[in-house]
Amino acid sequence: MRVLVLNGVNLGRLGKRQPEVYGATTHEQLAQRLVVIGQDLGLQVEVRQTDSEAEMVGWLHEAADREVPVVLNPAAWTHYSIALADAVVQVPRVVEVHISNVHAREGFRRHSVISPYAEGVIAGLGLGGYELALRHLAVTS
Ligand code: DQA
């Protein structure tokens, strides 16, 4: 089974950006790790990151048309992008992941416009949240 891991705005700066919140691992290292974990789980994992909302919407349309499950970290778009929510609702399987515990931070991070359309949400477990999401998709496919 193919799985897309889609990371939103600013997540390309993992490793440099607020390491006390998001850790020291770079996006490249995360992507490599998730591909290997996917192989162990029998998943063909492709990891993408963009700072362009339009590009992210395009990838979600692709997942919807090809019926590819998605692990999605919508990053800041989580909190306000109705455009992303309208795209996510078209994708059959979406697991929402946040590296940090969005409920233990600023108030504006507590609300997600994506969560109503996600089959599950993982937050605050660091990069391990992506692995858990992949495991969930693998065992329930
Ligand atoms: C994030 C949390 C968001 O609030 C923030 O805007 C991000 C990353 C997370 O992974 O913890 O960019 O989605």
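Below are some exercises on this predicted model, each with a worked solution.

Residues are numbered from 1 along each chain as its sequence is written. In this predicted model, local features need pLDDT of at least 70 and side-chain atom pairs pLDDT 80 or more, while totals for chains, interfaces and linings use all residues, and side-chain values use heavy atoms, with hydrogens and water left out.

**Exercise 1. Positive phi**

Task: Find where asparagine 10 and alanine 75 lie, and decide whether each is buried or exposed or in between.

Solution: Begin with the backbone. Asparagine 10 has a phi near 80 degrees, a positive value in a residue other than glycine. Alanine 75, not a glycine either, has a positive phi of about 50 degrees.

Asparagine 10 belongs to the loop between β1 (2-7) and α1 (19-22), and alanine 75 to the loop between β3 (70-73) and α4 (82-88). Helices (H or I, at least four residues) and strands (E, at least two) are DSSP runs, numbered from the N terminus.

Finally, look at the accessibility. Buried means under 20% relative accessible area, exposed over 50%, and partly exposed in between (1.4 Å probe, protein chains only). Asparagine 10, with 34%, is therefore partly exposed, while alanine 75, at 11%, counts as buried.

**Exercise 2. The ligand and its surroundings**

Task: Work out which residues surround the ligand, and which of them have an N or O atom facing a ligand oxygen.

Solution: Start with the shell, taking a residue as near if one of its heavy atoms lies within 4 Å of the molecule. The ligand is surrounded by Arg17, Tyr22, Asn73, Ala75, Ala76, His79, His98, Ile99, Ser100, Val102 and Arg109.

Now sort this shell: 5 residues are nonpolar, 4 polar and 2 charged. Here Ala, Val, Leu, Ile, Met, Phe, Trp, Tyr, Cys and Pro count as nonpolar, Asp, Glu, Lys and Arg as charged, and the others, Gly among them, as polar.

Then turn to the atom pairs. A polar side-chain atom of histidine 79 lies 2.7 Å from a ligand oxygen, and one of histidine 98 lies 2.8 Å from an oxygen atom of the ligand. Alanine 76 uses its backbone: an N or O atom there is 3.2 Å from a ligand oxygen. The protein covers 99% of the 320 Å² of accessible area that the ligand has on its own (Shrake-Rupley method, 1.4 Å probe).

**Exercise 3. Serine 81 and leucine 84**

Task: Describe where serine 81 is found and what its side chain lies 3.0 Å from.

Solution: Serine 81 is in the loop between β3 and α4. At 2% relative accessibility, serine 81 counts as buried. A polar atom of its side chain lies 3.0 Å from the backbone nitrogen of leucine 84.

**Exercise 4. Sequence distance and space**

Task: For glycine 42, glutamate 119 and leucine 41, pair the separation in sequence with the C-alpha to C-alpha distance.

Solution: Take glycine 42 to begin with, in the loop between α2 (27-41) and β2 (44-49). Glycine 42 is exposed at 52%; leucine 14 is 28 residues away in sequence and 26 Å away in space.

Continue with glutamate 119, in the loop between β4 (94-98) and β5 (120-123). Glutamate 119 is partly exposed, at 40%, and 23 residues separate it from glutamate 96, with 7.9 Å between their C-alpha atoms.

End with leucine 41 in helix α2, partly exposed at 23%. Leucine 41 and leucine 137 are 96 residues apart in sequence and 9.5 Å apart, C-alpha to C-alpha.

Notes: A polar contact is a pair of N or O atoms within 3.5 Å; within protein, one must be able to donate a hydrogen and the other to accept it, and residues adjacent in sequence count only if both atoms are side-chain atoms.
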